[in-house]
Amino acid sequence: MIIVMRADVVPQDVDAVKDKILELGLEVCEAKGLNYHIIGMIGDTSNVDAESFKTIKGVEKVIHVQEPYKRASRLLHPESSVIHVNGVSIGGEKLAIIAGPCSVESKSQITDIAVEVKKAGADFLRGGAFKPRTSPYSFQGLKEEGLEYLKYAKEITKLPIVVELMSADKLEMYERDVDIIQIGARNMQNFDLLKAVGQTKKPVLLKRGLAATIEEFLTAAEYILAGGNENVILCERGIRTFDTYTRNTLDIGAVPVIKKLSHLPVIVDPSHASGIWWMVEPLAMAAIAAGADGLMIEVHNDPKNALCDGNQSITPENFRRLMKSIKEIARIQNRKI
Ligand code: PEP
Ligand code: MN
């Protein structure tokens, strides 16, 4: 439930509303802007009498939030959120470009790619150290060693690093060493993991589940926000459909829908969405045209011999070309690269 206060509301009236919410055993979530003052009521509001709020001075109207997500909703937070990571922002005028290999394979591999993507204009370096692979016989990542190499590549390039966390027992290590914690598609509804990262202040990049609806996606984000971590970035990475030509189907429509429903930044991963390297550039362009706040792109210096996702990885040369193409689209969208 949302209480919309009048523009000329005085602090005492706001306090009266907040006190009443707290008395009901619910949580208060407040958003103020130049032309609005909103007080959200978080918790089980099924037995709350909306009429009793309407009589408080300064209350303009009471709105029921039907959706299961509240803190992620734009109704409670009309302004778009901007997440700050080591001096780089996600969700502002500038697009956030995350690039790097699917997996860290060696110190030289990750460092060479990091140098290349940095030169081309990337803002973040990605690289998997602990990999969620469909088959237990596939390369599972270099684990701690991979993280060490990522830290080295960060030291060389100064690019903040984005790394997937698969299990909460590694959280302390990630809090110390990683700049953005990625929660992969397969873990989008791993609620214990979501609760764990909700307890930190580290930015979390949450990928959409393989067959998750937009509502399920936003409700998964709600778990992280409910824990007190407001630094959530959403990533559309394709969903499973009946088509088999591509690895997944990029739900480009999810971008404007999520931007409408939520204040959280949305980025697109055209690499996992398509699974095919030559589709990455056109889909990246479409994502920016649809209003995405950034991209996650898999780049490999030797895609044919990559230990993971080589088919969808683009070369540093093609990444440079992609950056040029999206620059054009960004200009039309009044965004910067
Ligand atoms: C990845 O980013 O390498 C990855 C495994 O992505 P997803 O969780 O979207 O499949
Ligand atoms: Mn991958």
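Contact here means heavy atoms within 4.5 Å. With that in hand, let us look at some close-ups of this predicted model.

View 1. Two packed helices are described by the angle between their axes and the distance between the axes. H3 passes H4 in a right-handed crossing. On the H3 side, the contact is made by Lys-107, Ile-110, Thr-111, Ala-114, Val-115 and Lys-118. H4 brings Tyr-149, Leu-150, Tyr-152, Ala-153, Ile-156 and Thr-157. Sorted by class, this contact has eight nonpolar residues, two polar ones and two charged ones.

**View 2. Eight strands form a closed barrel.** Follow the strands around in the order E7-E8-E9-E10-E11-E12-E13-E14; their pairing is parallel. From one strand to the next, the twist averages 25°. For a closer look, pick out E10 (residues 180-183) and E11 (residues 204-207), which pair in the parallel sense over three bridges. Ile-181 has Val-204 of E11 as its bridge partner.

**View 3. Ligand 1 sits among residues that include Lys-131, Gln-182 and Ala-185.** Others around ligand 1 include Cys-102, Arg-126, Glu-164, Gly-184, Arg-186, Lys-207, Arg-237, His-272 and Glu-298. A polar side-chain atom of Lys-131 is 2.9 Å from an oxygen atom of the ligand. Gln-182 also places a polar side-chain atom 2.9 Å from a ligand oxygen atom. With Ala-185, look to the backbone instead: one of its polar backbone atoms is 2.8 Å from an oxygen atom of ligand 1.

**View 4. Strands E2 and E3 form a hairpin.** Trace the chain from E2 (residues 27-32) to E3 (residues 37-42), and you will pass four residues between them. The two strands pair in the antiparallel sense over six bridges.

Technical notes:
Residues are numbered from 1 along each chain as its sequence is written. Chains are lettered from A and ligands numbered from 1 in the order in which they are written. This is a predicted model: local features need pLDDT of at least 70, side-chain atom pairs count only at pLDDT 80 or more; totals for chains, interfaces and linings use all residues. Side-chain values use heavy atoms; hydrogens and water are left out. A crossing is left-handed if the near helix is turned anticlockwise from the far one by less than a right angle, and right-handed if clockwise. Ala, Val, Leu, Ile, Met, Phe, Trp, Tyr, Cys and Pro count as nonpolar, Asp, Glu, Lys and Arg as charged, and the others, Gly among them, as polar. Two strands pair if DSSP finds at least two bridges between them. Axes are lines fitted to C-alpha atoms, for helices over the stretch in contact, and angles run from 0 to 180 degrees between N-to-C directions. A residue is near a molecule or strand if one of its heavy atoms lies within 4 Å of it. A polar contact is a pair of N or O atoms within 3.5 Å; within protein, one must be able to donate a hydrogen and the other to accept it, and residues adjacent in sequence count only if both atoms are side-chain atoms.
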